[in-house]
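Colleague: I'd like to learn how to read a model like this one. Could you walk me through it?

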Amino acid sequence: MAVQNADAPESSERARLLEKVSSFLLVDENEEMQIKDEALFMRSLGCSPSQLLKVVSIFGNTGEGKSHTLNHTFFMGREVFKTSPTQESCTVGVWAAFDPLRRIVVIDTEGLLGNSSKQGQRTRLLLKVLAVSDLIIYRTHADRLHDDLFKFLGDASDAYLKHFTKELKATTARCGLDVPLSTLGPAVVIFHETVHTKLLGSDKSTESVDRLLLERFRKLSRFPEAFSSIQYWGTQTLNPPTDFRGLQNKLEQLLDNNATRSPRSPGVIFKALQALSERFNGEIAGENAAHSCFFPDEYFTCSSFCLSCGSGCKHSMNHLHEGSYHEAKQRCRYSAQYDNRIYTCKACYEGGKEVIVVPKTSASSDSQWMGLARYAWSGYVIECPNCGVIYRSRQYWYGNLDPVDTVVRTEIQHVWPGSDGFLKDNNNAAQRLLDGVNLVAQSVSELSVKPAKAVTSWLTDQIAPAYWKPNSLIMMCRKCNTVFQDNDTKHHCRACGEGFCDSCSSKAAPVPERGWGLAPVRVCDVCFEQRASYAEILASELEEEEGGTLARKVGEAVTNTIGVVATAIDIPLGLVKDAARPAYWVPDQDILSCHNCQREFTAKLSKHHCRACGQGVCDECSPLRRPVPSRGWDHPVRVCTGCNQKLGEL
């Protein structure tokens with residue numbers, strides 16, 4: 001009786017200290033941190049920044065009485081954590097409260113096997129809580145220990161070692177914490193309450209309970225190596241209420257042991273949970289698929305898959321924020337859709353270096369004008385930064401070998417969502433022609449009309465469709481026989497391809513059979529009179545590939561840009577740009593606003609393409625010029641402010 005009287009003041013003092021304790025939502029069911037900073041975390045707990053704390057959390061299936069266990073073990077039965085007699089789960093997300101007597105952050109979690117959506121994300125959330133805990137209680141009310149208990153703890157151990165240890169170490173280094181966060185995982189207490197069955201080990205006095213637990217793990221091929229210890233405490237409740245005193249004593253013994261897990265400041269606890277939440281979050285691909293593991297790799301690894309071969313990225317979630325790129329475990333396979341073959345210089349490779357080379361229209365040592373001329377004469381080049389120009393596609397009149405057989409080796413690379421793709425041929429030649437012409441325009445504008453006409457004729461012949469008569473062979477108008485003078489402009493009829501003066505080719509009509517579409521284009525008077533009705537034109541078959549015609553459409557934009565040809569462009573400018581647009585550029589029709597400043601494009605606000613990323617930007621957001629060798633632009637070209645801020649070579 002005297003002992004009871006002595007304990008009474010102590011109990012009343014404990015009750016007084018616990019009166020103001022309440023729980024708060026720490027992380028919701030969507031893995032969103034509800035406490036945004038350390039100061040709010042400490043205010044919600046009601047502790048000071050200098051206090052050293054430990055973390056105790058509880059796990060178990062839904063309906064096992066986890067909240068009830070925490071209330072009676074730490075808070076003298078007060079309903080700090082909500083309990084409910086209904087079928088609905090009373091704990092959604094992760095809730096926390098502070099035990100001021102033991103200086104413990106107590107965490108209540110959502111039950112396993114609950115009837116809820118996003119089970120993958122919610123299960124992943126449990127592992128984050130486990131990772132920041134010093135002691136976890138696995139609560140089970142089953143008469144016999146189920147396999148799910150051992151599978152959960154075994155899988156949690158594997159996932160902790162595989163995915164969380166590295167991140168916790170990084171957090172320790174990044175935040176300059178004195179207390180290591182990942183020396184060893186938490187201790188585990190399996191709290192087993194039975195009614196009709198005996199407790200584990202009670203009928204096998206010669207065999208320890210710890211050995212029985214390890215045997216159960218072994219049979220399921222689970223090895224809980226991450227936990228500092230796994231202990232068992234059981235109580236048989238023949239008549240309610242449950243006796244929690246034995247569990248309290250067991251927990252106090254473990255919490256007093258600082259050999260493996262030392263107490264930390266609340267700021268360290270918060271930073272650890274925040275780091276794990278930032279790294280491992282977001283929706284889980286294929287979450288509804290059945291898994292044989294509680295914590296499959298899909299819950300923690302990057303969700304990106306190679307578009308070509310379907311291989312998943314082997315890095316952890318959100319690794320791009322740290323500057324590490326996607327990487328797969330196995331080699332990729334070639335896909336014609338993505339053209340994911342890259343070329344490396346064979347000579348450099350044999351010398352121990354791997355140097356990627358890109359086919360392009362001109363060598364870096366060529367001026368824009370000379371590069372354009374050489375491209376027209378000897379084709380595209382392959383240039384190595386170390387070896388110089390190693391290949392020209394039309395170097396000889398005949399017998400040119402494939403570069404793969406001579407100077408380059410090929411490698412198949414993975415194609416990840418959002419990547420810039422690959423530039424494996426001279427597919428930006430037409431756009432380079434448009435860009436390079438600005439320099440040509442400045443050069444020829446100071447010359448006489450005759451050199452300017454020569455430039456125009458030369459450009460026209462290089463990209464003319466096959467059926468056009470070359471400018472060099474057109475001496476007079478095909479119809480009126482007027483001899484062309486230096487100042488005269490030669491026009492090609494889009495139907496017959498012959499050369500005419502302006503008066504004899506002033507009419508326009510659709511020429512779809514030549515690949516010009518249904519828009520009216522320049523035709524001579526004779527072809528105009530011979531044109532069939534529109535209905536007949538629509539029914540006619542195309543006789544020639546459109547590719548050569550598209551090149552000519554680009555050429556008309558070229559002559560217009562030079563400003564030395566009097567004729568107007570016969571096709572819409574948008575079609576010209578699309579004909580010349582490299583594959584990685586965003587199409588004009590898809591660009592509604594500037595990628596950088598978000599201003600909407602109007603007739604007065606022109607849209608431009610960044611040669612590095614291919615996005616559409618306004619002039620103010622792309623004032624600078626830089627070479628972009630990775631895209632085949634060796635001379636300074638337009639880049640957006642975002643790409644210009646990137647260090648190193650673009």
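Colleague: Which residues have the most contacts inside the largest nonpolar core?

Modeller: First, some ground rules: this is a predicted model, where local features need pLDDT of at least 70, side-chain atom pairs count only at pLDDT 80 or more, and totals for chains, interfaces and linings use all residues. Residues are numbered from 1 along each chain as its sequence is written, and side-chain values use heavy atoms, with hydrogens and water left out.

Modeller: Now the general idea: in soluble globular proteins, nonpolar side chains tend to be buried together. A nonpolar core here is a set of buried Ala, Val, Leu, Ile, Met, Phe, Trp, Tyr and Cys residues joined through side-chain atoms within 4.5 Å. Buried means under 20% relative accessible area, exposed means over 50%, and partly exposed is in between (1.4 Å probe, protein chains only). The largest core has 53 residues, and L26, F41, F59, L130, L153, I190 and F227 have the most contacts inside it. Helix α5 (residues 147-175) gives the most to this core, with 9 residues. Helices (H or I, at least four residues) and strands (E, at least two) are DSSP runs, numbered from the N terminus. Another core, of 22 residues, lies apart from it and includes L70, V80, F244 and L247.

Colleague: And what does I190 touch?

Modeller: Contact means heavy atoms within 4.5 Å. Leaving aside residues up to four places away in sequence, I190 touches Y138, L145, L149, L153, L213, I230, Q231, Y232 and W233.

Colleague: How many salt bridges are there?

Modeller: Side chains of opposite charge can pair when their charged atoms come close. The rule is a side-chain nitrogen of Lys or Arg within 4 Å of a carboxyl oxygen of Asp or Glu, and by it the count comes to 16. Take E193 and R139, whose side chains meet at 2.6 Å, N to O. E193 sits in strand β6 (residues 185-194) and R139 in strand β5 (residues 135-140), so this pair ties together parts that are 54 residues apart in sequence.

Colleague: Are E193 and R139 buried or exposed?

Modeller: Both E193 and R139 are buried. Compare K479 and D525, which form a salt bridge at 3.1 Å, N to O. K479 is in the loop between α13 and β14 and D525 is in helix α14 (residues 525-530), so that bridge ties together parts 46 residues apart in sequence. K479 counts as partly exposed because its relative accessibility is 42%, whereas D525, at 11%, is buried.

Colleague: Which residues make a nonpolar surface patch?

Modeller: Patches are made of residues with over 30% relative accessible area and no salt bridge; like charges are joined within 9 Å, nonpolar side chains (Val, Leu, Ile, Met, Phe, Trp, Tyr) within 5 Å. M475, M476 and V483 make one of about 280 Å². V483 is in the loop between α13 (449-463) and β14 (491-492), and counts as partly exposed because its relative accessibility is 44%.

Colleague: What average pLDDT does the chain have?

Modeller: pLDDT is the predictor's confidence in each residue, from 0 to 100. The chain averages 75, and 71% of the residues score at least 70. Where pLDDT is low, the predicted coordinates should not be read in detail.

Methods
Areas by Shrake-Rupley, 256 points an atom, 1.4 Å probe, with all protein chains shown as cover.
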